[in-house]
Each structure stands twice: as structure tokens, then as C-alpha cells.
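Good morning, and thank you for coming. Please keep the sequence and the model in view while I speak.

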Amino acid sequence: MNIRSKIAAVAVLAVAAGTLGATQATAAPSSGSVGSVVLGSAGGPLTFPGFEGDPVRFDFAAFGEPGKSSGRFHVNHLTKDGKPFADFEGKVDCVSSEGDLAVLTGVIERADIPGFPVNLVGRRVGFSVRDVPRGHDRIGWSWAYAGFEQDVLPCTAPVPFFATSTGGYVVR
């Protein structure tokens with residue numbers, strides 16, 4: 001997918017998803033150079049044992065550079081039968097990119113996780129995003145390896161291990 005197609009796809013997804021459109025409006029930088037940018041909404045069915053086929057979606061609108069970042073993230077995980085498993089969002093506190101790869105972290109501000117007895121509000125999580133020009137973008141998330149017990153350090157995340165099948169991201 002070329003950059004124009006990805007930007008068009010992100011715009012359509014922003015309108016369709018609603019949450020990303022609101023995120024971009026509240027997270028956009030005010031002026032000057034924005035440094036790194038990660039925009040988009042993508043996901044697909046999980047292949048992890050116990051979660052096979054569960055649809056997930058990750059929305060990002062992140063801008064800046066380490067030490068001066070802003071933006072929002074939103075994570076949505078449904079069960080195969082469409083019931084909510086996890087839905088949380090938060091404020092981006094660090095974003096950094098090089099080429100088609102970005103790493104971002106953020107602090108969870110709202111969490112609705114019916115099957116998880118721990119309060120996640122206030123936890124820092126990490127994400128990685130690889131913008132694949134002619135294929136499916138890839139993402140990674142910190143709790144896939146380490147759970148939620150420990151906060152990640154700013155601008156740290158695992159490699160982007162999950163190939164998305166819907167949506168897309170723009171990294172610059």
C-alpha cells in the first residue's frame with residue numbers, strides 16, 4: 001500500500017472508527033515540527049493460545065520525539081463471539097521512529113477489562129509499529145510478553161511481532 005493509499009485509509013478509518021478521529025483532534029501538536037508521527041488503526045484475529053480468532057484493534061495518533069511527545073492510543077480486544085474482553089486507552093508519553101519503524105509508550109487512563117481483576121489505570125505500556133509499504137503492517141505490545149505487572153520504560157516495546165490483516169498505519 002503506497003503512502004497516499006495509507007493516508008486515505010487512515011482518514012476513512014478515522015471517520016469510521018470515531019475514536020481515532022476524536023483522538024487525532026485532541027492529540028494533534030499545536031505548532032512547529034512534530035518529529036515522529038504514528039497514525040492509524042489496524043488489527044486482526046489473534047493466533048495466541050487461548051485467544052485464537054479473537055479480533056484486536058490498535059488505534060494510534062502519536063506525535064513528537066522522546067521527551068516531547070503527545071497523542072492517544074486505544075486498544076480493543078473482543079472475544080470470538082463479539083463480547084468485550086479488553087478495551088483501554090491512554091495518553092502517549094513517548095514516541096520515536098526511524099524509517100518505517102516506530103516505538104511508543106503511553107499511560108493507561110481508562111480501562112474496561114471484565115475478566116481481569118487488576119486496575120490497569122496508571123500503568124505504562126509499550127507498542128511497536130512497522131509500516132509495511134506493500135503488505136500488512138506489523139505491531140507489537142509489551143503485555144504480550146511481560147503482562148501488566150511491570151510498567152515499561154519510556155519509548156520501549158518488543159519487536160512488531162503481529163501482522164495486521166485490517167487497517168493500516170503511517171509512520172514517519
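I shall go from the overall layout to one strand, then to the nonpolar core, and finally to the disulfide.

Please note at the outset that this is a predicted model. The chain contains three helices and nine strands. Read from the N terminus, the order of elements is α-α-β-β-β-β-β-β-β-α-β-β. Of the 172 residues in the chain, 41% count as buried. The chain exposes about 8500 Å², and carbon and sulfur atoms supply 59% of that area. Let us also consider contacts between residues at least 6 apart in sequence: 55% of these join residues at least 24 apart.

Let us now turn to strand β1, which spans residues 36–45. How many of its ten residues are buried? The count is nine, and β1 is thus described as mostly covered. Strand β1 pairs with strand β2, residues 55–65, in the antiparallel sense over ten bridges. Within this pairing, V37 stands opposite F63 of β2. Strand β1 also pairs with strand β9, residues 166–171, again in the antiparallel sense, over six bridges. Here G40 has Y169 of β9 as its bridge partner.

The next topic is the core. In soluble globular proteins, nonpolar side chains tend to be buried together. In this model, the largest nonpolar core has 28 residues. Which residues have the most contacts inside it? They are F58 and F127. The elements that contribute two or more residues to this core are β1, β2, β3, β4, β5, β6, β7 and β9. If we leave aside its neighbours within four places in sequence, F127 is in contact with several residues, including F58, F60, F73, V75, W141 and W143. Also among its contacts are A102, V103 and L104.

A search of the whole structure finds one. It is formed by C94 and C155, whose sulfur atoms are 2.1 Å apart. Why is this disulfide called left-handed? The torsion about its S-S bond is about -100 degrees, and the disulfide is left-handed for that reason. C94 lies in strand β4, whereas C155 lies in the loop between α3 and β8, so the pair ties together parts that are 61 residues apart in sequence. Is C94 buried or exposed? Its relative accessibility is 3%, and the cut-off for buried is under 20%; therefore C94 counts as buried.

Note on methods
Residues are numbered from 1 along each chain as its sequence is written. This is a predicted model: local features need pLDDT of at least 70, side-chain atom pairs count only at pLDDT 80 or more; totals for chains, interfaces and linings use all residues. Side-chain values use heavy atoms; hydrogens and water are left out. Buried means under 20% relative accessible area, exposed over 50%, partly exposed in between (1.4 Å probe, protein chains only). Helices (H or I, at least four residues) and strands (E, at least two) are DSSP runs, numbered from the N terminus. Two strands pair if DSSP finds at least two bridges between them. A nonpolar core is a set of buried Ala, Val, Leu, Ile, Met, Phe, Trp, Tyr and Cys residues joined through side-chain atoms within 4.5 Å. Contact means heavy atoms within 4.5 Å. A disulfide is a pair of cysteine sulfur atoms within 2.5 Å. Accessible areas come from the Shrake-Rupley method with a 1.4 Å probe; for residues, only the protein chains shown count as cover.
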